[in-house]
Amino acid sequence: MPAAILAATRAAMPFQFDACKARRFSVGDSSVRLAQAAALAAMLAFGAIQPAAARGPENIADVAEQVIDAVVNISTSQKIDPRVTELPDLPPGSPMEEFFDQFFKNRRGPGGTDQTPHRVNSLGSGFIIDPSGLVVTNNHVIAEADQISVILNDGTKLKATLIGKDNKSDLALLRVRADKPLKAVKFGDSEKMRLGEWVIAIGNPFSLGGSVTAGIVSARNRDINSGPYDNYIQTDAAINRGNSGGPLFNLNGEVIGVNTAIISPSGGSIGIGFAVPANSAMAVIDQLRQFGETRRGWLGVRIQQVTDDIAESLNITPPRGALVAGVDDKGPAKPAGIEPGDVVVSFDGRDIKEMHDLPRVVADAPVGKVVDVVVIRKGKQETHKVTVGRLQDTEKVAEASAKQEPPADKSVVQKTLGLELSALSDDLRKKFKIKSGVSGVLVTGVDPSVATADPDKRLAPGDVIVQVQYEAVGSPTDMQKRLDALKAQGKKLAVLLVSNANGDTRFVALNLQ
């Protein structure tokens, strides 16, 4: 029995089938062998051994044959000059200095005199989106390369030029020139992909060009903390080193993702791969095609997650949206009337279900477009007209975060909710390096329960409480009166607007009981 058939048989049968032993057939064990044969026949009759089609849709081969000529290998090279290699900054005469000196001498070869510049090559994948020669790949595939080549499925090698790249989405667009129109594929609608739908990955894993693997959509909207716009499709289709930049197809032969990353302790596929969704990639690629760079929208707000506690205080059921923790004085949100404490639930007609949705939706919005921004303010829904600005490379997508704890101060005026509070005097402002534009009640000390709370509920000395339940406070007495009023109303939580020394604000919900 051929080895491949034997392996398949073993996988399909609930008992171990050994081909060598099966050949030693005797009268004494004939009944056993006949019983095994009868069991195998029954399994075949009742479908215990499934046909090959049961392992995936029948048209996977048809789709692969249809699109494979549009999938390419990306070969890059970079010139390395060993003469620029320097030793780490180590104390003179230290043992480590001697170690590294010997290490670099060994790298240069016998005698330590080989200073010849050389080239380092790397491989990745890509796909053609226009017959004229536009090729999409990952930015990290071509990063730092000074020579880029595109290798077609028939082995033709074409020199590529870089049209544009984007670090935040890890995408790049290349141009090649060919004697004839090239086979191209189209983007599909990644929003229509459902969990469990079949997908096909084609690429160049470990330099094995034209490799086809299949799997399903395991999850959507994955945030793997690789960038501000993480929105990955997760798949169990085998994706390995070299697949980066290659396409993820649906069964219509449309690209619904750009294979970008894997989670693997060994460097090989363990069934957890990630692809940039087509809908996100198309917006970036269109801008790279038009301008050679990305031109993302900008709202000019700092945001944080709407936690269950904050949602309860604002009567938002179920929790949704992005909580505005601060507004940039020079951003487009300021003149539109958006304020800290607003919860953005819709932007330009697109629902904002959680905090990370807003940066992606805003980034995709055309610069200069006037859009409707729907917010919930103190339990009521409002609509504001905002002219989308342009996010500059020096600007970051702002998310509110807790600060590290500075030294505690002992000049305590009042203590409540595990916080030691003081009026913000000139001396304290100087001690905690608080900017002149920050006003409110200074936190000078905290109980351990507050200092070690979850990040969204953590406070530290040097924080300034600006508002309590969306009303400004100027002294510990003001704050205590506001807390007492909330308790009298039967409130279980108090939502504080907290500023750090630089004036960056965030909301913190503390238990009143």
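Visitor: Which classes of residue make up the lining of the largest cavity?

Guide: A cavity is a set of points on a 1 Å grid over the protein atoms alone where a 1.4 Å probe fits but cannot get out, and lining residues have an atom within 4 Å of a point. Here the lining has three nonpolar, three polar and two charged residues. This is a predicted model, where local features need pLDDT of at least 70 and side-chain atom pairs count only at pLDDT 80 or more, while totals for chains, interfaces and linings use all residues. Residues are numbered from 1 along each chain as its sequence is written, and side-chain values use heavy atoms, without hydrogens and water.

Visitor: Which residues line the largest cavity?

Guide: They are Ser190, Glu191, Arg220, Asn221, Asn231, Tyr232, Ile233 and Pro277. The volume of the largest cavity is about 50 Å³.

Visitor: Now the core. Which members of the largest nonpolar core touch the most other members?

Guide: In soluble globular proteins, nonpolar side chains tend to be buried together. A nonpolar core joins buried (under 20% relative accessible area, 1.4 Å probe, protein chains only) Ala, Val, Leu, Ile, Met, Phe, Trp, Tyr and Cys residues through side-chain atoms within 4.5 Å. In this core of 27 residues, Phe127, Ile129 and Phe249 touch the most other members.

Visitor: What does Ile129 touch?

Guide: Contact means heavy atoms within 4.5 Å. Leaving out residues up to four places away in sequence, Ile129 touches Leu134, Val136, Leu173, Ala184, Val185, Phe187 and Ile285. Another core, of 22 residues, lies apart from the largest one, and Ala333, Phe347, Val373 and Val386 are among its members.

Methods: Buried means under 20% relative accessible area, exposed over 50%, partly exposed in between (1.4 Å probe, protein chains only). On a 1 Å grid over the protein atoms alone, a cavity is a set of points where a 1.4 Å probe fits but cannot get out, and a pocket is an open set with protein on both sides within 12 Å along at least five of seven lines; lining residues have an atom within 4 Å of a point. Grid points are joined across faces, edges and corners, and a volume is the space filled by probe spheres set on the points. Ala, Val, Leu, Ile, Met, Phe, Trp, Tyr, Cys and Pro count as nonpolar, Asp, Glu, Lys and Arg as charged, and the others, Gly among them, as polar.
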